Amino acid sequence: MQQIADWLEKLGMSEYAERFAESDIDTSVLRDLTDQDLKELGVSLGHRRKMLRAIAELVGAAPPSPQPALTEPKPQDTAERRQVTVMFSDLVGSTALSARMDPEDLREVIAAYQKCVDKTVRRFGGYVAKYMGDGVLVYFGYPQAHEDDAERAARAGLELVAAVGDLKTQAALQTRVGIATGLVVVGDLIGSGAAQEQAVVGETPNLAARLQGTAEPNTVVIAESTRKLLGNLFEFENLGAKDLKGVAGPVRAWAALRPSSVEGRFEAMHASGLTELIGREEELDLLLRRWSKAKTGEGQVVLLSGEPGIGKSRLTAALMERLATEPHTRLRYFCSPQHTDSALYPIIGQMQRAAGFAHEDTAQTKLNKLDAVLAQGFTPPQDAALFAEMLSLPNDGRYPTLELTPRQRRQKTLEALTAQMEALSRQKPVLMIFEDAHWADPTSLEAFGRAVDRIRTLGVFLIVTYRPEFEPPWIGRPHATALILNRLDEREIAAIIDGVTGNKLLSPSLRQDIIERTDGVPLFVEEMTKAVLEADSESGARQAAGAVPFAALAVPASLHASLMARLDRLGPAREVAQIGAAIGREFSHALLKAVAGKSEAELAASLDRLVAAGLLFRQGVPPHATYLFKHALVQDAAYGTLLREPRRALHARIAETMESQFTGIAENQPELLARHCNEAG
Ligand SMILES: Nc1ncnc2c1ncn2[C@@H]1O[C@H](COP(=O)(O)OP(=O)(O)OP(=O)(O)O)[C@@H](O)[C@H]1O
Ligand SMILES: [Mg+2]
């Protein structure tokens with residue numbers, strides 16, 4: 001009862017304490033009190049309103065605790081530095097609601113809202129970090145990074161606005177969303193049990209919350225940092241510069257309006273045109289020869305694989321440029337990492353773009369547009385009905401109604417798709433590009449499997465691009481050619497750097513650093529060079545020409561998420577990667593073991609994992625093996641997650657171990673030892 005008395009005192013209504021006690025009202029029933037109950041207790045109208053609002057706040061403060069699904073990675077219990085895209089969402093007008101609604105109803109409304117946020121963001125791989133009243137704080141990029149975290153956050157925000165609007169609650173609800181990206185320190189777990197939460201330090205969460213505060217109801221406002229990572233994937237409205245509390249200087253803000261209709265990721269990121277293609281003459285030549293052959297009616301398939309950023313999309317773009325003046329039909333299909341389970345996603349997208357659907361089109365208009373494209377392939381009405389259904393358009397009576405079981409419908413749709421391709425190929429040669437097959441849903445894979453078989457006698461050239469983790473089932477077909485893109489050589493990398501810098505000058509040492517750290521991957525080269533240029537212009541006149549600004553060589557924001565995604569997939573092996581990263585680009589099994597202080601079995605399992613994931617090269621057999629980070633930037637990313645103190649301690653341990661157990665290194669490579677001593681402070 002004392003708690004109730006204290007609570008009433010805080011509200012400035014101690015006069016009711018006795019009456020509450022007489023009626024046996026304690027904190028366990030407080031939340032269930034209705035307006036009528038309070039009236040019966042003799043509480044005045046004004047005080048009833050105040051009390052109910054305070055009760056509602058109690059309700060808001062004790063939301064369902066975020067419960068990560070079992071398959072989700074658990075947050076770590078040690079602090080680390082991360083780039084995270086933070087989303088903050090809030091219910092519009094909750095104070096007004098609390099004044100107007102019965103607290104029990106309000107509680108239901110808030111619970112429904114929070115459930116909706118949780119469900120929506122989870123679908124996009126977001127992590128609900130905290131409920132704050134009726135606001136929700138969400139991370140994208142922690143505990144699990146994805147290469148497209150910024151995009152996931154923006155999509156989740158837009159979907160959330162729609163989903164909250166559709167909620168069937170007593171009052172119509174609206175939400176506001178703010179999103180920002182930046183480096184934060186995700187701290188140790190504080191508190192215990194359900195109240196446990198992870199402290200996040202950095203200006204990003206504050207920025208997201210402040211941007212949310214400036215948003216109009218039902219809008220998603222994003223920071224410049226996030227905007228930069230999104231290219232042209234969305235349509236934006238420039239909201240100009242804003243002064244925000246607790247944030248230094250004016251910040252530029254944007255409203256994300258809707259996903260844009262650009263063809264694919266590659267186009268979205270290269271809106272301002274392409275740099276010149278460097279190298280790849282032989283590969284382009286091979287594609288052109290296969291195209292010539294396909295045109296004669298001997299259909300061809302090229303299976304184009306390579307690691308992220310190596311230039312698969314760039315090469316297909318080069319082919320399209322070369323064929324620009326030739327008459328042909330081009331069909332492009334894009335898989336997406338957020339839609340790996342969404343049946344026929346790339347095919348639906350292709351058809352929507354071909355028909356030219358606009359977001360404001362009515363179903364009627366869309367059907368008309370669909371009919372217009374289908375007419376080019378003389379599509380029979382039954383097939384048109386299937387396509388309309390595939391695009392979730394209602395049959396307004398223009399097509400026959402089909403009585404099919406789901407299984408039959410799937411079968412017939414797949415047949416209709418191949419028939420469509422065949423019909424098109426009779427008019428003009430067809431160039432089909434199926435991008436990022438590693439993210440394809442099973443139904444699309446089946447559709448393309450059929451296409452691959454049918455193509456053999458058609459004037460169709462199909463290029464399938466994918467990363468090495470995918471194994472296309474079509475390898476080995478006589479009309480299929482596997483083409484693997486390798487890293488570029490130093491001369492080619494230098495040419496890419498020059499392409500990015502244009503006429504700005506980069507010091508030779510900086511240039512050499514970029515060449516060394518990017519390992520022949522064009523994407524890394526471009527992003528590192530851009531980051532260096534930006535850092536250079538920021539530090540501007542203060543920096544003597546040619547001096548290496550240390551920050552400039554940190555992992556650029558644009559690469560951070562994709563590199564972290566590779567590390568996060570490793571689970572416990574991540575720690576071994578961090579220790580290895582502190583030792584250097586190359587390290588011996590023996591030194592690692594001495595520093596890590598782990599059992600041989602544990603260490604071996606982690607190292608195997610790192611090798612299998614393509615992050616480390618191994619030479620020799622453990623315990624005499626040595627390891628090399630396949631990418632300097634992966635090493636940098638792993639190293640960059642370490643906080644100052646653990647990093648210092650790690651270097652101290654390495655220096656000690658070298659001095660006491662690896663006297664050879666200490667003698668022959670004193671500079672190595674010196675580096676660790678230096679970093680150990
Ligand atoms: N040969 C090249 N010459 C010039 N620039 C290149 C070359 N290859 C790739 N690039 C550039 O490098 C970046 C990455 O290339 P691209 O997007 O084609 O990689 P990708 O293999 O398709 O990667 P992902 O697996 O992520 O789709 C692009 O900006 C591209 O323009
Ligand atoms: Mg690509």
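Two strands are taken as paired if DSSP finds at least two bridges between them. Helices (H or I, at least four residues) and strands (E, at least two) are DSSP runs, numbered from the N terminus. The model shown is predicted: local features need pLDDT of at least 70, side-chain atom pairs count only at pLDDT 80 or more, and totals for chains, interfaces and linings use all residues. Residues are numbered from 1 along each chain as its sequence is written, and chains are lettered from A and ligands numbered from 1 in the order in which they are written.

View 1

**View 2. The parallel sheet with strands β9 to β13.** An open sheet is formed by 5 strands in the order β10-β11-β12-β9-β13, with parallel pairing. β10 (329–334) and β13 (480–484) are the edge strands; each has a single partner strand, so one side of each is left without a neighbour in the sheet. From one strand to the next, the twist averages 15°. Axes are lines fitted to C-alpha atoms, for helices over the stretch in contact, and angles run from 0 to 180 degrees between N-to-C directions. Strand β9 (residues 300–305) pairs with β13 in the parallel sense over 5 bridges, and L304 stands opposite L483 in β13. Helix α18 (residues 442–455) packs on the sheet and touches β9, β11 (430–435) and β12 (460–466). The direction of α18 makes about 140° with that of β12.

**View 3. The shell around ligand 1.** Of the 21 residues around ligand 1, G311, K312, S313, R314 and P522 come nearest; a residue is near a molecule or strand if its C-beta atom, placed from the backbone, lies within 6 Å of it. Elements giving two or more residues to this shell are α13 (312–322) and α21 (522–539). By class, the shell holds 9 nonpolar, 6 polar and 6 charged residues. Ligand 1 lies between domain 3 (280–484) and domain 4 (490–554), because both give residues to the shell around ligand 1.

**View 4. The antiparallel sheet with strands β14 to β16.** Here 3 strands form an open sheet in the order β14-β16-β15, and the pairing is antiparallel. β14 (586–588) and β15 (616–619) stand at the edges. Strand β16 (residues 626–629) and β15 run antiparallel and are joined by 4 bridges, with F617 opposite L628 in β16. Helix α24 (residues 589–596) packs on the sheet, touching β14 and β16, and its direction makes about 80° with that of β14.

How values were computed:
Two residues are in contact if their C-beta atoms, placed from the backbone, lie within 7 Å. Ala, Val, Leu, Ile, Met, Phe, Trp, Tyr, Cys and Pro count as nonpolar, Asp, Glu, Lys and Arg as charged, and the others, Gly among them, as polar. Domain bounds come from an automatic or database domain assignment.
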